Amino acid sequence: MNTRPIKSSEWVTNNLKAQIAAGEWKAGDKLPSVVDLAAHFNVGRSTIREALSALKAVGMLDIRQGGGTYIKSEAPVLSEEMPADWMARADSLRHILEVRKVLETGSAALAARHRSEDQLGELRATLEEMESCLSDEQAGEQADIRFHLQIAEAAQNPVLSDLVRSLSQRLHDSMKDTRALWFYAERRSAERLLTEHTSIFEAIAARDEQQAGQRMEQHIAKVERVLYEKTNRSIEG
């Protein structure tokens, strides 16, 4: 019996990249709808969404909620050789990630110990918002930042909360690069990032301090690892 190979989101991503490179779509062009692309590639809609999210994460597409998907005019944020302007931001991002790993690993563990039911509800609501805006990267960034700040608040340590809040602007400024690196590592969509956030939430909900801290550390370390690989510099400094 002949079986057709399963077409993955990575396969779709590579085909879309090739079509863009060949000039089938130019900067500013609007892509066909998810339904039309799914029919064209003979895959499910979720596979198309994953492929579009991956291309958006590396700076090739502009996905507008309710407004369609467009080819961006600028070069991708990430490639085998990162652009010079991105490289210039790498040191600052590396420093922020080092501080985040120290503070947020501890805050996740403390949140598992001290969180209230109201704070757990706020985290759950933020996760639901993330799920509702999977195709809206700007809204996703805002929800991502809020989720991490809410965990710090749930730790119920005012000194820790003040430290994390003092970094909130830098966190906001670095989130686009952080999410792009995360997507690059996963080669998948915002749905996978939501799953990772949910696993942190579940550990906090279960009051499992060890798992909460460990999952947060793994979450941030993944971005550190890709940053190290792409800049060929030692994370340890």
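Let me start with T69, which sits in strand β2, residues 68–71; strands here are DSSP runs of E of at least two residues, helices are runs of H or I of at least four, and both are numbered from the N terminus. At 10% relative accessibility, T69 counts as buried. Buried means under 20% relative accessible area, exposed means over 50%, and partly exposed lies in between, with a 1.4 Å probe and protein chains only. Leaving aside neighbours within four places in sequence, T69 is in contact with D29, K30, L31, L52, L61, D62 and I63, where contact means heavy atoms within 4.5 Å. The C-alpha atoms of T69 and K56 are separated by 9.3 Å, the two residues being 13 apart along the chain.

A word on the basis of these values. This is a predicted model, in which local features need pLDDT of at least 70 and side-chain atom pairs count only at pLDDT 80 or more, while totals for chains, interfaces and linings use all residues. Residues are numbered from 1 along each chain as its sequence is written, and side-chain values use heavy atoms, with hydrogens and water left out.

Now the chain as a whole. The protein chain has 10 helices and two strands, and from the N terminus on its elements run α-α-α-β-β-α-α-α-α-α-α-α. Of its 237 residues, 46% count as buried. Among contacts between residues at least 6 apart in sequence, 69% join residues at least 24 apart.

The largest nonpolar core has 24 residues, of which F147, I151 and I204 touch the most other members. Such a core is a set of buried Ala, Val, Leu, Ile, Met, Phe, Trp, Tyr and Cys residues joined through side-chain atoms within 4.5 Å. At least two residues of this core come from each of α4 (84–114), α5 (117–132), α6 (137–154), α9 (190–205) and α10 (209–231). The largest share, six residues, is supplied by α4. Apart from this core lies another, of 17 residues, including W25, A38, F41 and I48. To return to I204: not counting residues up to four places away in sequence, I204 touches A108, A111, A112, R115, L120, L123, I151 and A212.

How do the helices pack against one another? The axes of α5 and α6 come within 10 Å and cross at roughly 170°. That makes α5 roughly antiparallel to α6. Axes are lines fitted to C-alpha atoms, for helices over the stretch in contact, and angles run from 0 to 180 degrees between N-to-C directions; under 35 degrees counts as roughly parallel, over 145 as roughly antiparallel, 65 to 115 as roughly perpendicular, and the rest as oblique. The residues making the contact include L123, T126, L127 and M130 of α5 and F147, Q150, I151 and A154 of α6.

The second pair is α6 and α9, which pack at an angle of about 15° with their axes 12 Å apart. That makes α6 roughly parallel to α9. In this pair D144, F147, H148 and I151 of α6 meet L193, H197, I200, F201 and I204 of α9.

Two arginines deserve mention. Is R100 buried or exposed? R100, in helix α4, is buried, with a relative accessible area of 6%. Its side chain and that of E104 are joined by a polar contact of 2.6 Å, meaning a pair of N or O atoms within 3.5 Å; within protein, one must be able to donate a hydrogen and the other to accept it, and residues adjacent in sequence count only if both atoms are side-chain atoms. Leaving out residues up to four places away in sequence, R100 touches T105, H148, L171, T178 and I220.

R115 lies in the loop between α4 and α5 and is also buried, with a relative accessible area of 6%. The side chains of R115 and E117 make a polar contact of 2.6 Å. Beyond four places in sequence, R115 is in contact with L110, L120, A154, Q156, I204, A205 and R207.

Finally, the backbone. Q156, in the loop between α6 and α7 (158–166), has a positive phi near 55° though it is a residue other than glycine; Q156 is partly exposed, at 46% relative accessible area. N42 is not a glycine either, and has a positive phi of about 60°. N42 is found in the loop between α2 (34–41) and α3 (45–57), and at 47% relative accessibility it counts as partly exposed.
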